[in-house]
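Colleague: I would like to learn how to read a structure, one feature at a time. Where do we begin?

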Amino acid sequence: KIGNLVENIKTEQANLRMTETKLMQAQINPHFLYNTLDTIMWLAEGKQTEDVVSMVTWLSDFFRTTLSKGQDYITVEEEKNHIDSYLKIQHFRYQDILEYEIDIEEEIYDYMIPKLTLQPLVENALYHGIKLKRGMGKILIQGFQKGERLIFRVIDNGKGMDEKTLNELRKRIAGLESASDGGFGLSNVNQRLQYYFGEEYGVFLESEENVGTEATIITGAKKNITLS
């Protein structure tokens, strides 16, 4: 009985941690929203009607997926469209320094993944990679199937990290250190993937200072998942 009680407590603790993670996942970056609304406002003041319509459409599409009727899982195609909306908005604001390419194989569009799996990594690539380097930078997002897994890569040619900084970030992603001072979004994605699919799944980083960063995301290849 004591053994069963201990296991039940462990299960409840895991469920509580996942509930907390989901609540944090649903939070919206206020700076992104404020900056986008500011951009829309000055476009409207300049009577750039077509640009206003485009920005509002992209923002609407972005939040539609972010909320996704409370569901935990969405299709790969929906996730792809979500980061496309995000990057269109950011490219409008940072067109002097940002190029991007999304290369996700159509064959995996119908697979289901936890929502907001890729956007936090794309955001990290922009703010901690591209914006910190001089000149034009590029973010490449790839996606393909390998056996029973889906592999996604978010690659940037931005500032990159030295070995010490990279190892510290890896520890925060793995939950071995507090992520309050950075890396929370990546830690959140990693925790959700491991909760849903197992410890061999998650977020894996490689980086070289002044060269760039490559984030690899590994999820299970599943089409039939009960949405919650």
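Modeller: We begin with the naming of elements. Helices and strands are DSSP runs, numbered from the N terminus; a helix (H or I) has at least four residues and a strand (E) at least two. Keep in mind that this is a predicted model. As an example of the naming, Lys 80 lies in helix H4.

Colleague: How many helices and strands does the protein chain have?

Modeller: The chain has 7 helices and 7 strands. In sequence order, the pattern is α-α-α-β-α-β-β-α-β-β-α-α-β-β. Of contacts between residues at least 6 apart in sequence, 71% join residues at least 24 apart.

Colleague: Next, the sheet. What holds strands together in general?

Modeller: Strands of a sheet pair through backbone hydrogen bonds, and the pairing is either parallel or antiparallel. Here, an open sheet of 5 strands runs in the order S2-S4-S5-S7-S6, and its pairing is mixed. Strands S2 (98-104) and S6 (202-208) are at the edges with a single partner strand each, so one side of each has no neighbour in the sheet. From one strand to the next, the twist averages 10°.

Colleague: In which sense do S2 and S4 pair?

Modeller: S2 and S4 (residues 137-146) are parallel, with 7 bridges. Within that pairing, Tyr 100 is opposite Ile 139 of S4, and Glu 101 is opposite Leu 140 of S4. By contrast, S4 and S5 pair in the antiparallel sense over 8 bridges. Gly 143 has Phe 152 in S5 as its bridge partner. The hairpin of S4 and S5 has 2 residues between the strands, and Gly 147 there takes a positive phi near 65°.

Colleague: Which strands does helix H4 lie across?

Modeller: Helix H4 (residues 76-93) lies across S2, S4 and strand S5 (149-156), and runs at about 170° to S2.

Colleague: Now burial. Which side chains tend to be buried together in soluble globular proteins?

Modeller: The nonpolar ones tend to be buried together. A residue counts as buried under 20% relative accessible area and as exposed over 50%. In this chain of 228 residues, 43% are buried. The largest nonpolar core has 52 residues, and Val 76, Ile 141, Phe 152 and Val 154 have the most contacts inside it. Ile 141 touches, among others beyond four places in sequence, Ile 83, Leu 87, Ile 102, Leu 118 and Val 122.

Colleague: How many of the residues of helix H5 are buried?

Modeller: In H5 (residues 119-128), 7 of the 10 residues are buried, which makes the helix mostly covered. The buried residues include Leu 121, Val 122 and Leu 126, and also Gln 119 and Glu 123.

Colleague: Then salt bridges. What is the rule, and how many are there?

Modeller: A side-chain nitrogen of Lys or Arg must be within 4 Å of a carboxyl oxygen of Asp or Glu. That rule gives a count of 6 salt bridges. One of them joins the side chains of Arg 64 and Asp 61, at 2.8 Å from N to O. In general, an α-helix has 3.6 residues a turn, so residues three or four places apart point the same way. Arg 64 and Asp 61 are both in helix H3 (residues 49-67), 3 residues apart, or about one turn of the helix. Arg 64 has a relative accessible area of 52% and is therefore exposed, while Asp 61, at 30%, is partly exposed.

Colleague: Which residue forms a salt bridge with Glu 101?

Modeller: Lys 138 does, with the closest N and O atoms 3.1 Å apart. This pair links distant parts of the chain, since Glu 101 is in strand S2 and Lys 138 in strand S4, 37 residues apart. Another salt bridge joins Glu 214 and Arg 153, at 3.3 Å between the closest N and O atoms. Glu 214 is in strand S7 (residues 212-220) and Arg 153 in strand S5, so this pair ties together parts 61 residues apart in sequence.

Colleague: Back to Lys 80. Is Lys 80 buried or exposed?

Modeller: Lys 80 is buried, yet has no salt bridge. The nearest side chain of opposite charge is Asp 84, 5.1 Å away, and the cut-off is 4 Å. Beyond its neighbours within four places in sequence, Lys 80 is in contact with Ile 102, Ile 104 and Tyr 109.

Notes. Residues numbered from 1 in each chain as written. Predicted model: local features only at pLDDT ≥ 70, side-chain atom pairs only at ≥ 80, totals over all residues. Heavy atoms only, no water. Buried < 20%, exposed > 50% of the residue type's maximum accessible area, 1.4 Å probe, protein only. Core = buried A, V, L, I, M, F, W, Y, C linked by side-chain atoms within 4.5 Å. Contact = heavy atoms within 4.5 Å. Pairing = 2+ DSSP bridges. Axes fitted to C-alpha atoms, helices over the stretch in contact; angles between N-to-C directions. Lys, Arg positive; Asp, Glu negative; His and termini not counted.
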